[in-house]
Amino acid sequence: MEKELSKPSGITPEIQAYIDSLVESATQKISNKYEARIADIWEQFRRAQAKRYLPQSEKFPAQGCLFNEAEQLNDAPVDNDEP
C-alpha cells in the first residue's frame, strides 16, 4: 500500500518527472532484487523436494558382501556323501 505524498508547491514538471523516474527506478531495482530472491528460494525448495522424493540408489561400497549368499553357496565344495 503506497502512501501518496503531498507535492510541494513550486516544483516544475521537469523536476517532478525526474523525481518520478528516480522513484520508479528504485522501485524496479527493489522488485528485481525480490524476484531474484524468490527464484533462489524456489530453486532451493525444488532441490530439497528432489533430494527427498526422487528415487535414490541404495547402494553403498560394502553392500556387495552382504547379499551374496547364493554365490557363496555355489562356491562351497559339494559333499556327495550325504544321502
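## A walk along helix H1

Glutamate 43 is partly exposed, with a relative accessible area of 28%; buried means under 20% relative accessible area, exposed over 50%, and partly exposed in between (1.4 Å probe, protein chains only).

A word on the model itself. This is a predicted model, in which local features need pLDDT of at least 70 and side-chain atom pairs count only at pLDDT 80 or more, while totals for chains, interfaces and linings use all residues. Residues are numbered from 1 along each chain as its sequence is written, and side-chain values use heavy atoms, with hydrogens and water left out.

Now for the overall picture. The protein chain has 2 helices and 0 strands, where helices (H or I, at least four residues) and strands (E, at least two) are DSSP runs, numbered from the N terminus. Of its 83 residues, 1% count as buried. The chain exposes about 8,700 Å², and carbon and sulfur atoms supply 57% of that area; accessible areas come from the Shrake-Rupley method with a 1.4 Å probe, and for residues, only the protein chains shown count as cover.

Back to glutamate 43. Which side chains does it meet in salt bridges? One partner is arginine 46, at 2.6 Å, N to O, and another is arginine 47, at 3.1 Å, N to O. The term salt bridge stands for a side-chain nitrogen of Lys or Arg within 4 Å of a carboxyl oxygen of Asp or Glu, and by this rule the count comes to 2. Arginine 46 is partly exposed at 47% relative accessible area, whereas arginine 47 is exposed at 55%.

Next come the rings. The structure holds 1 aromatic pair. The rings of tryptophan 42 and phenylalanine 45 have their centres 5.7 Å apart and their planes at 85 degrees, so the pair is edge-to-face. Rings of Phe, Tyr and Trp (its six-membered ring) pair if their centres lie within 6.5 Å; planes under 30 degrees apart count as stacked, over 60 as edge-to-face and the rest as tilted. Both residues lie in helix H1, 3 residues apart, about one turn of the helix. Tryptophan 42 is exposed at 56%, and phenylalanine 45 is partly exposed at 44%.

Finally, look at isoleucine 15, which has its place in helix H1 (residues 13-53) and is partly exposed, with a relative accessible area of 44%. Together with Tyr18, Ile19, Leu22 and Val23, Ile15 makes a nonpolar surface patch of about 470 Å². Patches are made of residues with over 30% relative accessible area and no salt bridge: like charges are joined within 9 Å, nonpolar side chains (Val, Leu, Ile, Met, Phe, Trp, Tyr) within 5 Å.
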